[in-house]
Amino acid sequence: MFDLEQSITEWRRQMLAAGIKMPVPLEELEIHLREEIERQMKSGFDEQGIFNSAVQKIGEARVVQTEFKKVEPDHKMRRTILLIIGWPVAGVALWYGVTFLYFQWALIGFHPECDLETIAAVLIILAAEIGIWLLAKVSRYRTSRSVSLLVCVLLAGIGIFGFFPAEQKHTTYSGNNPIGIVFAEMLSQPSPIWFRGGLTLLLCVPGIFWVGWGRRHLVKKLNSTKGRQYA
Amino acid sequence: MIRKELVAASAEPLILSLLARGESYGYAIIQEVKARSGGKLQWTDGMLYPVLHRMEHRGLIKSRWAESETGRKRKYYSLKKDGKTAMAKHQEQWSLVHSVLAGLKKEQYV
């Protein structure tokens, strides 16, 4: 049995999935849809046929959203300035935080202390990670997004590598170079597992964001494909 | 049917000209255009709203929410001063194109 209200709710869901998230356009489109359904009802056709025809007249959700996107102000200049300043700041902050925690505590193998410097380094890393994630989200440039993804993969790699001190010892030592030997000797006293685990998790955070974003993007695309049956 | 490029190009002048007669809302604008063109000028309904929003963003029109006589909430659009100027400009340009075409057509039959 065809339920008009349920079908309208489902259509709304498809529109939201396509990205029409602003309440005003969606409300306007729904009012338009209802007006069209009401007008056609007077001609006495069946409810489902009328609904399908009205939805078809509104157009495909993805196409309508593309048109709405063109209306939104671009702020290209502001975005470029943000990227020019944001990337170096995030990069330096990440470099400082990671080298401090990773090389001072995890790799060289000292026992970490929960002092002010460590807390500051953790906070700096977190801020930089949020920064590189936001820079990828705000930016509409593919290069910026690719760099962000690359940095996140690199961070996750460093984090996972740092979790296995024995592996580090083997790798650094097998190089048979002076630096490798120094690191290997220092690894005689690896940091505790909770610290290495925490550090790995910390460095994998932006990677987790990316996986989550990818999943949402995929679901949205699938929903939008499903939505075409209404258009 | 009229070509989609022409439909797109004529959307703004038509909306401005319709709103010059008084405030209106999306659905009514579409119905009016359809009726006046004998159904030959058909917009994809959903495309009208981005155009209206763009025009509002550019300061050509303004909008307000109000309840219709049936109790349904509607967003009514009306012309602003800049919109009147833009409409005059559009009408001048379209008239020019029309007069050139009409002149050429006339020559063909002479």
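How many helices and strands does the secondary structure of chain A come to? In this predicted model, the count for chain A is 10 helices and zero strands.

**Figure 1. Chain A, overall view of its helices.** Read from the N terminus, the elements of chain A follow the order α-α-α-α-α-α-α-α-α-α. Chain A has 231 residues, and 39% of them are buried. Taking the contacts in chain A between residues at least 6 apart in sequence, 73% link residues at least 24 apart.

**Figure 2. Chain B, overall view of its helices and strands.** Chain B contains four helices and three strands. Their order from the N terminus is α-β-α-α-β-β-α. Of the 110 residues in chain B, 41% are buried. Contacts in chain B with a separation of 6 or more include 49% between residues 24 or more positions apart. Chain B has an accessible surface of about 7000 Å², with 55% belonging to carbon and sulfur atoms.

**Figure 3. Packing of helix α1 against helix α2 in chain B.** Helix α1 spans residues 4–19 of chain B and helix α2 spans residues 26–36 of chain B. Their axes come within 11 Å and cross at roughly 105°. Because of this angle, α1(B) is roughly perpendicular to α2(B). On the α1(B) side, the residues in the contact are B:Leu14, B:Ile15, B:Leu18 and B:Leu19. On the α2(B) side, they are B:Ile29, B:Glu32, B:Val33 and B:Arg36. By type, the residues of this contact divide into six nonpolar, no polar and two charged.

**Figure 4. The open sheet of chain B.** The sheet has three strands in the order β1-β3-β2 (chain B), with antiparallel pairing. The edge strands are β1 (24–25) and β2 of chain B, each of which pairs on one side only. Strands β2(B) and β3(B) run antiparallel and are joined by seven bridges. One bridge pairs B:Glu67 with B:Lys73 in β3(B). Helix α1(B) packs on the sheet and touches β1, β2 and β3 of chain B. The direction of α1(B) makes about 95° with that of β3(B).

**Figure 5. B:Ser68 in the loop between β2 and β3 of chain B.** The loop that holds B:Ser68 lies between β2 (61–67) and β3 (73–79) of chain B. Is B:Ser68 buried or exposed? The relative accessible area of B:Ser68 is 6%, so this residue is buried; the cut-off for buried is under 20%. Leaving aside residues up to four places away in sequence, B:Ser68 touches B:Arg74 and B:Tyr76.

**Figure 6. Helix α3 of chain B and the residue B:Gly59.** Helix α3 covers residues 45–57 of chain B. Its buried residues are B:Asp45, B:Gly46, B:Leu48, B:Tyr49, B:Pro50, B:Val51, B:Leu52, B:His53 and B:Met55. B:Gly59 follows α3(B) and has a positive phi, near 80°.

Conventions:
Residues numbered from 1 in each chain as written. Chains lettered and ligands numbered in written order. Predicted model: local features only at pLDDT ≥ 70, side-chain atom pairs only at ≥ 80, totals over all residues. Heavy atoms only, no water. Axes fitted to C-alpha atoms, helices over the stretch in contact; angles between N-to-C directions. Helix = DSSP H or I, 4+ residues; strand = E, 2+ residues; numbered from the N terminus. Parallel < 35°, antiparallel > 145°, perpendicular 65-115°, else oblique. Contact = heavy atoms within 4.5 Å. Nonpolar A, V, L, I, M, F, W, Y, C, P; charged D, E, K, R; others polar. Buried < 20%, exposed > 50% of the residue type's maximum accessible area, 1.4 Å probe, protein only. Areas by Shrake-Rupley, 256 points an atom, 1.4 Å probe, with all protein chains shown as cover. Pairing = 2+ DSSP bridges.
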